[in-house]
Amino acid sequence: MKRIVIAEDELFMREELVSILEKEGYETECLVSFVDAAREILDGSPDLVLLDLNLPGITGFEICKSIRQRSTVPILVLTSRDQLKDELHALGLGADEYLTKPCHKERLTARILNLLRRSEDRDRFAELKGIRLDRQTYTVYMDGQSAILPENQGKILELLLAHPDETVTKSMLFETLWGTTEYIDENALQVNMTRLKKTMNKLHLPCKIETKRGIGYCLAQIGEKDD
């Protein structure tokens, strides 16, 4: 069940939102104090934040900015402030959607569902330079082509995509693949690397795996010179 935190100080509106969302099958939590609101929101690990702008002692803008500095959780602003400058300011601070009150419940629930779907896609796929890796199936996509990677090769590519232009050390790879940094026969790692490189070549990916001697591996754009 998806969990939505509601930051709304007006009791009637808060209760109405809870009723609407719980009928749609969401779990809800409401803030009743807005002191250190961003921390309290994130401590609850929500799937989405429903945020008013006019709050006692703090603005929704401040909360939005603070949340976005620490999390990618979707933020939907629901406010009576209908000025374009307010909408642009909120979006510029990292809000994902901006709706004004009064708002039809169908529009609200549709926007929430859309944000949650986008968030799931963002969490499910690792992307870099047109490469798209499904973290659940380890299917890699590029320019209409795809290939399903064995689990270990998928984990290697996922780790490399998460550290673009950085060296992924052998100990990081050992921990990811086998859950330990203790000595492991490096032949097992090299076999997986060799097979992954072949698959990447077949898909004509714009990146290649470079070996950093004695350290680990990194992704580099095609055409860059190996060390």
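Among contacts in the chain (heavy atoms within 4.5 Å) between residues at least 6 apart in sequence, 50% join residues at least 24 apart. The model is predicted, and for that reason local features need pLDDT of at least 70 and side-chain atom pairs count only at pLDDT 80 or more, while totals for chains, interfaces and linings use all residues. Residues are numbered from 1 along each chain as its sequence is written, and side-chain values use heavy atoms, with hydrogens and water left out.

**Overall form**

- The chain has a radius of gyration of 22 Å, whereas a compact globule of 227 residues would have one near 17 Å; this radius is taken over C-alpha atoms, and the globule rule is 2.2 Å times the number of residues to the power 0.38.
- Taken along the principal axes, the box that the C-alpha atoms fill is roughly 65 × 40 × 35 Å.
- Of the 227 residues, 44% count as buried, where buried means under 20% relative accessible area, exposed means over 50%, and partly exposed lies in between, with a 1.4 Å probe and protein chains only.

**Helices, strands and an annotated region**

- The chain has eight helices and 14 strands, which are DSSP runs numbered from the N terminus: helices are H or I with at least four residues, and strands are E with at least two.
- The UniProt annotation "domain: Response regulatory", from an unreviewed entry, covers residues 3-116; UniProt positions are given in the numbering used here, feature names are shortened, and annotations may be inferred rather than shown by experiment.
- Over residues 3-116 the chain is 46% helix and 23% strand, and the end C-alpha atoms are 10 Å apart.
- Lys202 belongs to helix H8, residues 186-202, and this lysine is exposed, with a relative accessible area of 66%.
- Although Lys202 and Ala147 are 55 residues apart in sequence, their C-alpha atoms are 9.4 Å apart in space.

**A sheet of three strands**

- An open sheet has the strand order E12-E14-E13, with antiparallel pairing; two strands pair if DSSP finds at least two bridges between them.
- The edge strands, each pairing on one side only, are E12 (168-169) and E13 (207-212).
- E12 pairs with E14 (residues 216-221) over two bridges in the antiparallel sense, with Thr169 opposite Gly216 and Val168 having Tyr217 as its bridge partner.
- E13 and E14 also pair in the antiparallel sense, over six bridges, and the bridge partner of Lys208 in E14 is Ala220.
- A hairpin is formed by E13 and E14 with three residues between them, and Gly214 in the turn has a positive phi of about 75°.
- Five of the six residues of E14 are buried, so this strand is largely enclosed by the rest of the structure.

**Cysteines**

- A disulfide is a covalent bond between the sulfur atoms of two cysteines, and the rule used here asks for a pair of cysteine sulfur atoms within 2.5 Å.
- By this rule the count of disulfides comes to zero: Cys64 is in none, and the nearest cysteine sulfur, that of Cys103, is 17 Å away.
- Cys64 is buried, with a relative accessible area of 2%.
- For Cys218, the closest cysteine sulfur is in Cys207 at 9.9 Å, which is too far for a bond.
- Cys218 is likewise buried, with a relative accessible area of 7%.
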